[in-house]
Every structure is written in C-alpha cells, then in structure tokens.
Amino acid sequence: KAGCGYEYLSGKSTNDTTSAIKSFNPLYGTHHKFNGFMDYFYVGNFLNSVGLSDLFLTLSYSKNKISSNISSHTYTSAAGIYQEGVLQPSYLGTEIDFSVQYQIFSDVKAELGYSQMFATNSMELIKGGDKSNANNWLYLMVKFNPTIFKTNAVK
C-alpha cells in the first residue's frame, strides 16, 4: 500500500512581537501518525511557535504474520523564521521512520522500529540543539492486546 498526505498547522513568525496567538494548538491528536515517530513537534516548545507544514509519504507491506512500514516526512515552518532580522529558509528537515511487526500469537505482536531525523539550521533556530549530532532512535516493543469482553449482538 502507498499513501501520502499533507498537514498544515498555523504559526507565528519569530519576529512577531505582538501578544496575539496565531499558532494552532491541537489539544488531542495522533501526532505519531501525522508528524513522525520522533516527537519533534507538539512535545516541548511548540506553543506559539512557527507552526508546521508536513508533507508525508508512506509505503506499507503485509504478508502472513509480517508487516512493515516506511514513512518520509518533509517539514517546513508555516511562518517566518528570522535570525538577526534576516528571514531564514523555511525547510526544517526530513524524518524517515521504519517499522516491522511480527504477529507472534493472535493477541501478541512484536514491533521493531527505527527513526532518523535530518535537521537543518532552521530547525536548530526554533528547537535548539545541534543538527550535526545524531538524531535517531531504535525501539523494540511487544504489544499485548487481549480480548477482555465479548458479546454477541442481538438481532
């Protein structure tokens, strides 16, 4: 399967000194599904920030007990990023997420995943840190999803 999408969340330019709130704040959502596995956005310093524009592509494969997924996210700021009065590029970086799942039993699944962020200078300006440092993570997860209640529908 293949899929693609685009998400836009409004933001406030870094040179905007007004007290007006211009950044969209999603209180609830599925950020991993739409904004990558690494939580660069909407965890930490996202309030009243430059917003986000995320163009993503996902490829999935499933056969028998194995399924895999790879996603690419291209991030840009929704509002201007300024450094010393000079407008900086809006491109924040690209994140690649990969996962593979294996169905061990009917209600037990193992998942292995890896994510890599390729950040830019503009990402450093809004998030801090050092883009030349390795920005990745690897995880192994066992999901246990039992059926606790089961009813037969009355017709």
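A salt bridge is a side-chain nitrogen of Lys or Arg within 4 Å of a carboxyl oxygen of Asp or Glu. Good morning, colleagues. The model before you is a predicted one, in which local features need pLDDT of at least 70, side-chain atom pairs count only at pLDDT 80 or more, and totals for chains, interfaces and linings use all residues. Residues are numbered from 1 along each chain as its sequence is written, and side-chain values use heavy atoms, with hydrogens and water left out.

How many salt bridges does the structure hold? There are 2.

I begin with D16 and K22, whose side chains form a salt bridge at 2.6 Å, N to O. D16 sits in the loop between β1 (2-9) and α1 (31-35); helices (H or I, at least four residues) and strands (E, at least two) are DSSP runs, numbered from the N terminus. Is D16 buried or exposed? With a relative accessible area of 19%, D16 is buried, where buried means under 20% relative accessible area, exposed over 50%, and partly exposed in between (1.4 Å probe, protein chains only).

I turn now to K143 and E111, joined by a salt bridge of 2.9 Å, N to O. K143 belongs to strand β8 (residues 136-144) and E111 to strand β7 (residues 108-119), so this pair ties together parts that are 32 residues apart in sequence. K143 is partly exposed at 34% relative accessible area, while E111 is buried at 6%.
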